[in-house]
Amino acid sequence: MLPKPPPLPASSRLQLEKSLRTQLPSAPELVLVTDLDGTLLEGNPRWRRRFYRWLATRQDTVLHVFNTGRDLASIARVLEQEAPMGLGAPHLVIGDVGCTVACGVSLAPIPHVIEPIERRWQGQAERVLPLLKAIPGLSAQPVSAVRRLAYLIDPEILDTTHLEAVEAMGVDCLVSGDKYLDVLPAGVNKGTTLMDLIRWLEVPSETVVTAGDSLNDLAMFRTGFQGVMVGNAEPALVEAFPTLQRTYRARAHGCEGIVEGLRHFGFASLLASHF
Ligand SMILES: [Mg+2]
């Protein structure tokens with residue numbers, strides 16, 4: 001069980017806005033929280049272009065949040081690479097599988113939101129590294145992961161029961177796509193950090209829709225916010241679908257799946273001009 005989150009300062013949203021280089025919609029009709037790989041970056045190019053154009057024209061009514069396993073440097077690269085497709089910066093970014101929160105435009109981390117995560121991670125890397133080094137089938141990922149450790153997995157070699165000993169030291173081990181292992185501060189993931197951010201934003205939870213495709217998105221779907229599991233979701237995530245309360249399983253892939261889900265949740269009028 002997680003401890004009850006500490007109370008936020010009065011006018012938390014105002015405080016949050018002070019550390020941003022972008023203006024947030026004052027009363028967003030939709031807070032759209034999208035994973036990147038396999039979700040916002042997926043789908044046929046025609047649909048992606050259309051969807052990115054829609055996001056650009058809706059900046060004053062749709063508050064867009066990336067929620068990804070990528071670190072900030074890698075998010076910056078995605079924004080640069082996808083600019084010709086029309087993908088613009090979101091308002092906010094959750095990166096490092098929930099361990100980083102930043103302004104979507106400057107990509108500068110937001111200190112007061114990150115601080116409790118930082119506290120949970122203090123000293124943990126030093127504690128668990130020797131144990132992780134001794135586990136066959138893990139190789140450190142060449143990313144500048146902060147407040148977490150990132151590994152590539154050789155599924156043929158890795159015996160996942162070894163990870164229980166790592167978790168017993170007070171961290172969470174998250175395997176996704178049979179390819180990646182993230183070692184995270186205990187109780188921190190894409191879902192908990194999103195819930196925290198929504199509290200800071202002081203927006204009604206009915207306006208929130210999440211979208212994702214892989215196992216590290218499960219925590220996001222378990223928040224109880226409306227969620228869209230895109231058609232190309234990985235099998236391990238699809239397996240969990242029957243246990244999820246407010247998640248819609250789209251048929252379409254990537255961006256087209258997000259649009260399908262938004263219609264399902266009653267946001268058709270917001271889409272009307274473009275879809
Ligand atoms: Mg993904």
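**Figure 1. Pairing of strands β1 and β2 in the predicted model.** Strand β1 (residues 30-34) and strand β2 (residues 62-67) run parallel and are joined by five bridges. One of the residues to look for is L32, whose bridge partner in β2 is H64.

**Figure 2. The open sheet that contains β1 and β2.** The sheet has seven strands with mixed pairing, in the order β4-β3-β2-β1-β9-β10-β11. Its edges are β4 (100-103) and β11 (247-249); each has a single partner strand, so one side of each is left without a neighbour in the sheet. From one strand to the next, the twist averages 20°.

**Figure 3. Packing of helix α3 against helix α11.** On the α3 side the contact is made by W47, R48 and F51, and on the α11 side by G254, C255, E256, I258 and V259. By class, the residues of this contact are five nonpolar, one polar and two charged.

**Figure 4. Contact between domain 1 and domain 2.** The domain assignment gives domain 1 as 12-116 + 188-271 and domain 2 as 118-185. Their C-alpha centres lie 25 Å apart. In the contact, 18 residues of domain 1 meet 16 residues of domain 2. On the domain 1 side, α4 (72-82) and α5 (111-121) are the elements that give two or more residues, and α5 gives the most, with three. This side of domain 1 has seven nonpolar, seven polar and four charged residues.

Definitions and conventions. Residues are numbered from 1 along each chain as its sequence is written. This is a predicted model: local features need pLDDT of at least 70, side-chain atom pairs count only at pLDDT 80 or more; totals for chains, interfaces and linings use all residues. Two strands pair if DSSP finds at least two bridges between them. Helices (H or I, at least four residues) and strands (E, at least two) are DSSP runs, numbered from the N terminus. Axes are lines fitted to C-alpha atoms, for helices over the stretch in contact, and angles run from 0 to 180 degrees between N-to-C directions. Two residues are in contact if their C-beta atoms, placed from the backbone, lie within 7 Å. Ala, Val, Leu, Ile, Met, Phe, Trp, Tyr, Cys and Pro count as nonpolar, Asp, Glu, Lys and Arg as charged, and the others, Gly among them, as polar. Domain bounds come from an automatic or database domain assignment.
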